[in-house]
Amino acid sequence: MAQYDVIVIGAGPGGYVAAIRCAQLGLKTACVEGRETLGGTCLNVGCIPSKALLHASHQLHEAEHNFAAMGLKGKAPTVDWKQMLSYKDDVIGQNTKGIEFLFKKNKIDWIKGWASIPEAGKVKVGDETHDAKNIIIASGSVPASVPGADVEIDEKVVVTSTGALELPKVPKKMIVIGAGVIGLEMGSVYARLGAEVEVIEYLDAITPGMDAEVQRSLQKLLSKQGLKFTLGAAVSKVETKGSKATVTYKLRKDDSEQSAEADVVLVATGRKPYTDGLGLDALGIATTDRGQIKTDGHWQTSVKGIYAIGDAITGPMLAHKAEDEGMACAEVIAGKHGHVNYGVIPGVIYTWPEVASVGATEQELKNEGRAYKVGKFSFMGNGRAKAVFAGEGFVKILADKETDRILGCHIIGPSAGDLIHEVCVAMEYGGSAEDLALTCHAHPTFSEAVREAALACGDGPIHS
């Protein structure tokens with residue numbers, strides 16, 4: 001049996017990146033994965049397939065609403081749902097095969113199966129036990145249930161995000177429980193494809209934790225696109241009868257009980273760490289009351305030689321956060337200095353318009369008593385955005401009132417997920433709003449809106 005320097009458990013974004021980085025640093029590495037393909041939730045049933053469907057449905061939306069205005073006339077396209085799913089599956093295949101190629105290129109052994117850790121330095125897969133000087137747990141997460149509610153998932157009528165990617169047809173009516181990232185993205189897909197979509201959320205605002213102004217703007221824009229929102233509603237049960245489901249909920253403002261019927265109910269109430277079967281309790285690995293594995297500043301658990309990263313530990317459940325931790329953890333194991341700046345991890349919602357944020361929100365700065373200034377610019381003042389029917393939304397930069405150092409940025413608008421990264425780089429190096437404002441931005445680009453928001457932190461924007 002081979003003696004490994006590192007065995008990584010899980011081949012999602014955190015796990016496969018950790019494995020590749022370990023191999024690059026000269027460590028003999030294996031990765032355990034029980035799926036038939038590599039890439040974890042993200043590549044197989046998460047980020048990648050949902051973006052494929054978002055892209056396809058957005059093209060339909062453009063054809064229906066904007067083509068005629070551009071002089072592109074003729075019969076509007078119809079939806080071939082079977083072909084759209086085939087396109088989505090092809091995208092998945094390209095990505096998962098790409099990871100398999102990278103494993104071969106970096107001489108990483110793929111141990112197929114589900115892992116347990118009988119003791120430090122040992123990983124059991126099936127009937128075989130493998131030796132490893134170090135173990136990285138990158139087991140990811142699974143959909144969470146609706147808190148305090150009677151809901152049974154069948155992945156046919158009542159589905160998680162996984163089932164929502166494989167529906168046999170576009171439903172006439174869909175209810176989405178939860179107004180977070182997954183719920184709004186998948187709700188947007190089906191609304192564009194013609195479904196009536198109602199989003200039921202326990203809190204009084206969508207996208208919990210986001211900038212309040214962005215929350216309000218996004219809800220307004222999605223409502224214009226046909227999504228209906230019922231906020232402040234506590235779901236108590238979901239009953240299935242035949243091909244229909246009834247959602248019962250109580251409005252928190254007056255305790256009145258309501259119900260709504262749909263062809264499909266998507267449960268999108270977040271995710272929880274997936275560590276079942278690893279044997280953490282027997283090992284004595286400490287966890288939080290939410291089931292997250294506790295780690296120190298070097299991603300090591302309470303058992304020496306066993307590390308954990310990604311959705312299995314505390315912090316935002318984001319693929320890129322897991323990737324950063326995977327690289328950093330590999331570097332620590334190799335005797336180098338691994339680093340993750342948790343203050344500069346962006347978050348993105350791939351609706352239309354996109355939403356992206358990094359750093360502090362205004363509410364957080366107010367709660368801290370921090371003196372700050374706001375620089376804001378509307379995409380209506382951006383020539384490129386207006387040319388492509390994307391003038392709704394804005395860029396908001398928050399900077400320290402005295403030092404001008406950037407503390408946060410919140411964007412709702414075209415390509416927000418790409419635009420946020422110049423702000424991330426500026427924040428990583430302690431940059432100021434003036435630094436962004438003095439940097440030449442190509443014209444005409446969406447990125448000019450970021451510069452204008454930075455200018456607004458000073459003497460004012462040019463085009464507003």
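User: Is Gly-98 buried, exposed or partly exposed?

Analyst: The labels go by relative accessible area: buried is under 20%, exposed is over 50%, and partly exposed is in between (1.4 Å probe, protein chains only). Gly-98 comes out at 24%, so it is partly exposed. It lies in helix 4, residues 81-105; helices (H or I, at least four residues) and strands (E, at least two) are DSSP runs, numbered from the N terminus.

User: What should I keep in mind about the source?

Analyst: It's a predicted model: local features need pLDDT of at least 70, side-chain atom pairs count only at pLDDT 80 or more, and totals for chains, interfaces and linings use all residues. Residues are numbered from 1 along each chain as its sequence is written, and side-chain values use heavy atoms, with hydrogens and water left out.

User: Why is strand 10 largely enclosed?

Analyst: Four of the five residues in strand 10 (residues 196-200) are buried, so the rest of the structure largely encloses it.

User: Which strands pair with strand 10?

Analyst: Two strands pair if DSSP finds at least two bridges between them. Strand 9 (residues 173-177) pairs with strand 10 in the parallel sense over five bridges, and Ile-175 sits opposite Glu-198. Strand 11 (residues 228-230) is also parallel to strand 10, over three bridges, with Ile-200 opposite Thr-230.

User: And how do I read the crossovers?

Analyst: Point the strands away from you: if the path from the first strand over the helix to the second runs clockwise, the crossover is right-handed. Strand 9, helix 6 (residues 181-192) and strand 10 make a right-handed β-α-β unit. Strand 10, helix 7 (residues 212-224) and strand 11 form a right-handed one too.
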